Amino acid sequence: MTAHRIRLRGPWLLEPAASAERPARTVRLPARWGELLEIGTHRVRLSRRFHRPTNLGPSDRVSLVVDELPEGAEVSLNGERLGLQAGDPAGRTIFPTRALEPTNLLTLEFEIGPKPAGDEPWGDVALLISSSLP
């Protein structure tokens, strides 16, 4: 089995999840927690459009992988909430996806806790394409 990883760095639209009092802005992931906190709310929504990868074969499986996803986060693809696969020991959360549309919308919504010490970057998000070799 082979795997190909496509990182979804940006642009991501960052906005408050509950109100429109602050304007949305674009960010690139990974981003420092302080940058996410600047939006001035505790619950944020990150969304990003992407195209279906070309040359997907009938035996290819596509999963969404998010490193260190905050607890309680809601992840949806094209308006459908994604269910979790078994946890990964490396701190990654893996979501199997069904057939991708030509253009897709990925949304991550979560609570931001207190600013972590060191203001480490967060948000390594990728598509993982697994292929079975003949």
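The largest nonpolar core holds 30 residues, of which Trp-12, Leu-46, Leu-64, Leu-106, Phe-110 and Val-125 touch the most other members. Strand E2 (12-16), helix H1 (33-37), strand E5 (43-51), strand E6 (61-67), strand E7 (74-77), strand E10 (103-111) and strand E12 (125-131) each supply at least two residues of this core. A nonpolar core is a set of buried Ala, Val, Leu, Ile, Met, Phe, Trp, Tyr and Cys residues joined through side-chain atoms within 4.5 Å. Buried means under 20% relative accessible area, with a 1.4 Å probe and protein chains only.

The model is predicted: local features need pLDDT of at least 70 and side-chain atom pairs count only at pLDDT 80 or more, while totals for chains, interfaces and linings use all residues. Residues are numbered from 1 along each chain as its sequence is written, and side-chain values use heavy atoms, without hydrogens and water.

**Overall fold**

The protein has one helix and 12 strands, in the sequence pattern β-β-β-β-α-β-β-β-β-β-β-β-β. Helices (H or I, at least four residues) and strands (E, at least two) are DSSP runs numbered from the N terminus. Of the 134 residues, 42% count as buried.

An open sheet of six strands has the order E3-E2-E5-E10-E7-E8, with antiparallel pairing; two strands pair if DSSP finds at least two bridges between them. Its edge strands, E3 and E8 (80-81), each pair on one side only. Four bridges join E7 to E10, and Glu-74 stands opposite Glu-109 in E10.

Leu-29 lies in the loop between strand E3 (25-27) and strand E4 (31-32). Leu-29 counts as buried because its relative accessibility is 2%. Leu-29 and Val-125 are 96 residues apart in sequence, yet 7.6 Å apart in space, C-alpha to C-alpha. The table gives contacts, meaning heavy atoms within 4.5 Å, and leaves out residues up to four places away in sequence.

| Residue | Contacts (heavy atoms within 4.5 Å) |
|---|---|
| Leu-29 | Arg-9, Trp-12, Leu-46, Trp-122, Gly-123, Val-125 |
| Trp-12 | Arg-25, Thr-26, Val-27, Leu-29, Leu-46, Ser-47, Arg-48, Leu-106, Leu-108, Val-125 |

**Largest pocket**

The largest pocket is lined by 13 residues, of which Leu-77, Glu-80, Leu-82, Arg-98 and Ala-99 lie nearest its centre. A pocket is an open set of points on a 1 Å grid over the protein atoms alone, where a 1.4 Å probe fits, with protein on both sides within 12 Å along at least five of seven lines; lining residues have an atom within 4 Å of a point.

Technical notes. Buried means under 20% relative accessible area, exposed over 50%, partly exposed in between (1.4 Å probe, protein chains only).
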